[in-house]
Amino acid sequence: MTKRLTILGATGSIGQQTLDVVARHPDRYEVFALTASTRWELMAPLCLSVRPRYVAMSDEAAAEQLRNHLRQAGSEVEVLGGNSALAFLAAHEEVDTVVAAIVGAAGVRPTLAAVEAGKRVLLANKEALVVTGALFMDAVKRHKATLLPLDSEHNAIFQCLPAEGVNEGVERLLLTASGGPFRELDAEALKQVTPAQAVKHPNWDMGPKISVDSATLMNKGLEFIEACWLFDVPVDKVDVVVHPQSVIHSMVAYRDGSVLAQMGTPDMRTPIACGLSWPERVESGAQRLDFSALTGLHFEAPDLQRFPCLRLAREAMEAGGTATAVLNAANEEAVAAFLDGRLGFTGIPDVVERTLQRQDAPACQDVESVMNVDRQAREVACRLIEERGC
Ligand code: NDP
Ligand code: MG
């Protein structure tokens, strides 16, 4: 049976790699809808080659530009505009699987729309889960959605866990971290790093926001929170291990001393193919691991002094309520400011920590209230960035 897909964030790194895997299996997957935000020039060629039924741009002006362009090119793809169009296509009755690959909290509503429609949801957009936490996981249960992680670490843990998930026999989850491009820099040198250096990850080719998150270790912090929610484990059952080669994508330690690891070359098409086809396996296009060429696997503990974001994320998860939403909102604003030269690299954890100290983070019963906290936290973070400067 062909599976029909909506790809949220189709123009991004994960979106395009998903399309690469999908194109290898025209008998299995049909692209029903693609969505993006403003980059209609990237979306236009995707529409012409993939020929989805629908495309949606959250930005209305971008939708209009795309509509005109596609009309001139003779394409019959229907172009929608606005945020509600994304949620509509994520929840559409003709769709089986939704790839959630928007970056940041902008993905909360469309991803939740897919969950609430009971879809098979392949989650790359970790921020959606970090922001809404229990509300997200409750919605998965209530609406009988199937949630499969695309984040390479969580996909690895998912593969290493027993079929029924975490049970008595599971002792710990071990999240591996590459350590990012600045793993060996001292505290003084970290102050001087530039956006161009930060977006160049040693092992993975990713969008700019997650690349900066990998450099600060906030990505691992968000993944720590993501692991607690996805696998329903307390914070003290999750460890982070720095492993610069990114060959082991994460591990599960069992109470009898066994440790199961999932390995592969660092290529997101492997977890994407796994999520798309699970429980079957399909060709992903990823290069195979050549053990004779591996020169040794290295492991070390993360340095929380130089990279405080991981500590902040763990503390936010322990604090509960909407602290992880505050953490995420402050981080999104700080990363955006760093990328356009308004904040230094070491200002990122500083802004996040001070936002967490200033912003109330009450427990919320609905997404609307969580998004209110998100808005307030952004205001606090933006003020701090302005006051602080570079
Ligand atoms: P990119 O920046 O490459 O792509 C982001 C996508 O989201 C684009 O399609 C973009 O559209 C869309 N988007 C951005 N803002 C909005 C908005 N306000 N409303 C709707 N759509 C929006 O990101 P990545 O692909 O790198 O990352 C996507 C997610 O996957 C992130 O949550 C990231 O943490 C996660 N992830 C990524 C990995 C990777 O290897 N890249 C690995 C593991 C997880 P437009 O092009 O129009 O701006
Ligand atoms: Mg990851």
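Guide: Lys144 is found in the loop between helix 6 and strand 7. The model is a predicted one.

Visitor: Is Lys144 buried or exposed?

Guide: Residues over 50% relative accessible area count as exposed. Lys144 has 70% relative accessibility, so Lys144 is exposed.

Visitor: What is the phi of Lys144?

Guide: Lys144 is a residue other than glycine, and its phi is positive. The value is near 50°.

Visitor: Where does Asp232 lie, and what is its phi?

Guide: Asp232 sits in the loop between helix 11 and strand 9 (238-242). Its relative accessible area is 69%, so Asp232 is exposed. Asp232 is not a glycine, yet it has a positive phi of about 55°.

Visitor: How many residues apart are Glu153 and Glu223?

Guide: Glu153 belongs to helix 7 and Glu223 to helix 11. The pair links distant parts of the chain. The two are 70 residues apart.

Visitor: Are Glu153 and Glu223 buried or exposed?

Guide: Buried means under 20% relative accessible area. Glu153 has 8%, so it is buried. Glu223 has 1%, so Glu223 is also buried.

Visitor: How much space lies in the second largest pocket, and which residues are closest to its centre?

Guide: The second largest pocket holds about 640 Å³ of space. It is lined by 26 residues. Those closest to its centre are Met137, Leu147, Gly165, Leu230 and Phe231.

Visitor: Which helix gives the largest share of the lining of the second largest pocket?

Guide: At least two lining residues come from each of helix 6 (126-142), strand 7 (146-149), helix 7 (152-160) and helix 11 (218-231). The largest share is 5 residues. That share comes from helix 6.

Visitor: How many residues of the lining of the second largest pocket are nonpolar?

Guide: Domain 1 (3-150) and domain 2 (152-185 + 195-302) each give at least three residues to this lining. Sorted by type, the lining has 3 polar and 4 charged residues. The nonpolar residues number 19.

Visitor: How many disulfides are found in the whole structure?

Guide: A disulfide needs two cysteine sulfur atoms within 2.5 Å. A search of the whole structure gives 0 disulfides. For Cys274, the nearest cysteine sulfur is 10 Å away, and it is that of Cys160.

Visitor: Is Cys274 buried or exposed?

Guide: The cut-off for buried is under 20% relative accessible area. The relative accessibility of Cys274 is 4%, so Cys274 is buried.

Visitor: What separates the C-alpha atoms of Thr11 and Leu34?

Guide: Thr11 is in the loop between strand 1 (3-8) and helix 1 (13-23). With a relative accessible area of 9%, Thr11 is buried. Thr11 and Leu34 are 23 residues apart along the chain. Their C-alpha atoms are separated by 8.5 Å.

Visitor: What is omega for the cis peptide bond that joins Trp278 and Pro279?

Guide: Pro279 is placed in the loop between helix 12 (269-277) and helix 13 (309-319). The peptide bond from Trp278 to Pro279 is cis. Its omega is about 5°.

Terms used: Residues numbered from 1 in each chain as written. Chains lettered and ligands numbered in written order. Predicted model: local features only at pLDDT ≥ 70, side-chain atom pairs only at ≥ 80, totals over all residues. Heavy atoms only, no water. 1 Å grid on protein atoms, 1.4 Å probe; cavity = no way out; pocket = protein on both sides within 12 Å on 5 of 7 lines; lining within 4 Å. Points joined across faces, edges and corners; volume = space filled by probe spheres on them. Helix = DSSP H or I, 4+ residues; strand = E, 2+ residues; numbered from the N terminus. Nonpolar A, V, L, I, M, F, W, Y, C, P; charged D, E, K, R; others polar. Domains from an automatic or database assignment. Buried < 20%, exposed > 50% of the residue type's maximum accessible area, 1.4 Å probe, protein only.
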